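Welcome! Have the sequence and the 3D view ready, and let us walk through this protein together.

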Amino acid sequence: MAARKPDAANEHQATIFVFGTKLLVTLRGIDAATAQAATAKLEQQFQHMQRNWNAWKSGELTDLNQAIADGRSMAVSPHLLGLIEMAKRFESLSDGLFNPALGGIVGAWGFHSDERPMGYRPDLPAISTLALRKPTMGDVSIEGTVVACTNKWVQFDFGGFAKGVALDLAEETLKSFGIQNALLNAGGDINSMGNGGACPWRISIRDPKSSGVIAVITLAPDEKIYTSGNYERFHEIDGVRFAHTLDPRSGIPVDHIISATVIADSGALADATATALTVAGPRDWHRIARKMGVKYALLVDERGGIHLNPEMRARISFSSDRAFTLIESPPL
Ligand code: ADP
Ligand code: MG
């Protein structure tokens, strides 16, 4: 960890590997010793979350998934309980488009691995049988710390919002160290904390099709901005790309190539909504964004068209060297 600029002597940066990406932590307004101690604590916490929230490596979540498959209920830790409660809420808010109960189907498509699946042949009849069992968060009930489920085909996969939840928890940790200004950037999924101190947090919205930038935006204090996309994680069968985001209504990967960027007050909501809007696509995103209660959203469709609400339009500056087709929606 090192101070970056002479004029920002109390800005500290560190990199942590978490959920398969690099998390860049920027802390402002504190001394180096506090920054170091806070970063070490974050590292420890993320390791714990990675172990216990992974849908395919043995930990608390896989134990719970096994219990559900066996028709047993199970007492879980407060963290996992919180995740399940949020998952239930977001599934219902998203009209079922965000559905973290479809882990069995995500796995059957070959996405439960650290590598992009190559040459994997999904068992399509098994997938459609699973989809017909309609696993949803509505099948799951919580009593005290005990999780029970009436549908043994439910398998939790929190990949659609675990990063957001993790960065929200990281904020709590940073606050416990007296830190007021921080930026947590996990590959373009960002939690900002405070107003940035000396200068506001200014960040780029990546172009999902290239390594370039579509636009830049200045975040208001404490805002979170998340992007979900199916340009990057997919696998190919006979030349056809299958996205890692599934349409819960069919169990089939979404057939439009899209990325969705959402600004919200919590990382969990921003991440879950970005995933839901990826499923909703250009035709239905506005309804779902409104239902989930977010005020700013932007989608890039497969032709490069940008769909956004006027409030989002007013906040961003587009990259000047490119022409964009803007499709502006009614206000959210
Ligand atoms: P990224 O930010 O990497 O694009 P997302 O936040 O969109 O990822 O989450 C995609 C992940 O969420 C998938 O890899 C899978 O684990 C899970 N998932 C897939 N489809 C859904 C869905 N409809 N609802 C909730 N989670 C999903
Ligand atoms: Mg997401």
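## A pocket and its lining

On a 1 Å grid over the protein atoms alone, a pocket is an open set of points where a 1.4 Å probe fits, with protein on both sides within 12 Å along at least five of seven lines; lining residues have an atom within 4 Å of a point. Grid points are joined across faces, edges and corners, and a volume is the space filled by probe spheres set on the points. With that in hand, the second largest pocket holds about 240 Å³ of space. Its lining has 13 residues, and H256, A280, G281, P282 and R283 lie nearest the centre.

Helix α7 (residues 267-292) gives the largest share of this lining, 6 residues. Helices (H or I, at least four residues) and strands (E, at least two) are DSSP runs, numbered from the N terminus. By type, the lining divides into 3 nonpolar, 2 polar and 8 charged residues. Here Ala, Val, Leu, Ile, Met, Phe, Trp, Tyr, Cys and Pro count as nonpolar, Asp, Glu, Lys and Arg as charged, and the others, Gly among them, as polar.

## How to read the model

This is a predicted model, in which local features need pLDDT of at least 70 and side-chain atom pairs count only at pLDDT 80 or more, while totals for chains, interfaces and linings use all residues. Residues are numbered from 1 along each chain as its sequence is written, chains are lettered from A and ligands numbered from 1 in the order in which they are written, and side-chain values use heavy atoms, with hydrogens and water left out.

## The magnesium ion

Which protein atoms are donors of the magnesium ion (ligand 2)? They are G160 (O), D271 (O), D271 (OD) and T275 (OG1), at 2.1 to 2.5 Å from the ion. Along the chain these donors follow the spacing G-x110-D-x3-T. Distant parts of the chain are linked here: G160 sits in the loop between β6 (146-149) and α6 (162-176), and D271 in helix α7, 111 residues apart. Donors are N, O and S atoms within 2.8 Å of the metal (3.2 Å for Na, K and Ca); water is not among the atoms, so sites may look incomplete.

Are G160 and D271 buried or exposed? Both are buried, where buried means under 20% relative accessible area, exposed over 50%, and partly exposed in between (1.4 Å probe, protein chains only).

## Helix α6

Helix α6 is mostly covered, with 11 of its 15 residues buried; among them are A162, V165, L167 and D168. After α6 comes G178, whose phi is positive, near 80 degrees.

All 6 of the 6 residues of strand β16 (residues 259-264) are buried. On one side these are S259, T261 and I263, and on the other A260, V262 and A264. Two strands pair if DSSP finds at least two bridges between them. β16 pairs with strand β11 (residues 224-229) in the antiparallel sense over 6 bridges, and T227 has T261 as its bridge partner. Strand β17 (residues 296-300) also runs antiparallel to β16, joined by 5 bridges, and A260 has L299 as its bridge partner.

I257 is in the loop between β15 (252-253) and β16. Why does I257 count as partly exposed? Because its relative accessibility is 26%.

## A hairpin

Strand β2 (residues 11-18) pairs with strand β3 (residues 21-28) in the antiparallel sense over 8 bridges. In this hairpin, which has 2 residues between the strands, F19 takes a positive phi near 45 degrees.
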